[in-house]
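Here are my notes on this one, with the conventions spelled out as they come up. Have the model open beside you while you read.

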Amino acid sequence: MKKGFLALFILLIFISCNNSENVKGRILIIVSNTEDMGNPEKNFAGNNLWEVAPPYHIFVSHGYKVDFVSPTGGKVPFSMDPVGISSYAIKYENFNEKVENSLTPDLVDHKDYKAVFIGGGYGPLFDVAYNKSLLSIIAQIYENEGVVGGCGHGPGAFANVRLSNGEFMVKDKKVTGFPNSTEVTKSWAKEGTLLPVMLEDQLRENGAIFQTKSDLADKHDVVIDKRIVTTMFLPSSAIVAKEMIHEIKKIQD
């Protein structure tokens, strides 16, 4: 009986060690706590599930451990129904448990992460974009040879990141995100009038070389420049994650 228990104990240690070896590193996903846009009709802000769950799936399926952080921690609001990859991540990859227990910024050590990703939904423009602790974490990960990625409105959340030299992280780098030309046609934020800032305007103001639809062969293309990986719209969110992994590997090689 004792021998059997000892053998089981050794096996569990072996499995645990083997699993830890298979983890290639950690990636941080930043999400918003903001439920609505603050107007009387309470237009939904939050996070877009289809721009967060697919990248999460790509990261974990390639051997990375993922942590979530939000301005105030805990549960965060999402739009969109769980279908496709999003449904798979929820059912088989522990997505809900992880994201509903998001960390607070003070619990995050930037040195633990190889990359940081921000998905879309309007929420990040309201809280993440102005959270000094989160902006500092993004800057520190980037300056530690990390990769920064964003999809949709996510890049607007890191537009204000300043590096240790005082310059904006996006300065002189090709970056894209949800463009003004599309924003002004959508009722979700009343043609952008409910937003604290238009994403494209903020990126341009801070020195980014914003890529519009006319700059790209396809509006769903992914733009990569100096370890910043971005795309305009949600269909490419998983591709952003995959390209971020490629960038991580380049650094390691």
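**Notes on the model**

1. Leaving aside its neighbours within four places in sequence, Asn43 is in contact (heavy atoms within 4.5 Å) with Glu35, Asp36, Met37, Ser187, Trp188, Ala189, Lys190 and Leu194. Asn43 sits in the loop between strand 1 and strand 2 (47–48); helices (H or I, at least four residues) and strands (E, at least two) are DSSP runs, numbered from the N terminus.

2. Is Asn43 buried or exposed? Asn43 has a relative accessible area of 15%, so it counts as buried; the classes are buried under 20%, exposed over 50% and partly exposed in between, with a 1.4 Å probe and protein chains only. Its side chain also makes a polar contact of 2.9 Å with the side chain of Asn39. Such a contact is a pair of N or O atoms within 3.5 Å; within protein, one must be able to donate a hydrogen and the other to accept it, and residues adjacent in sequence count only if both atoms are side-chain atoms.

3. A word on provenance: this is a predicted model, in which local features need pLDDT of at least 70 and side-chain atom pairs count only at pLDDT 80 or more, while totals for chains, interfaces and linings use all residues. Residues are numbered from 1 along each chain as its sequence is written, and side-chain values use heavy atoms, with hydrogens and water left out.

4. Now the fold. The protein has ten helices and ten strands. Six of the strands form an open sheet with mixed pairing, in the order 3-1-5-6-10-9; two strands pair if DSSP finds at least two bridges between them. At the edges, pairing on one side only, are strand 3 (64–69) and strand 9 (222–225).

5. Strand 1 (residues 25–30) runs parallel to strand 3, and six bridges join the two. Ile29, for instance, has Phe68 in strand 3 as its bridge partner. Helix 2 (residues 53–61) lies across strand 1, strand 3 and strand 5 (115–118), at about 145 degrees to strand 3. Axes are lines fitted to C-alpha atoms, for helices over the stretch in contact, and angles run from 0 to 180 degrees between N-to-C directions.

6. Finally, the whole chain. Of the 253 residues, 53% count as buried. Among contacts between residues at least 6 apart in sequence, 76% join residues at least 24 apart. The C-alpha atoms fill a box of roughly 70 × 40 × 35 Å, taken along the principal axes.
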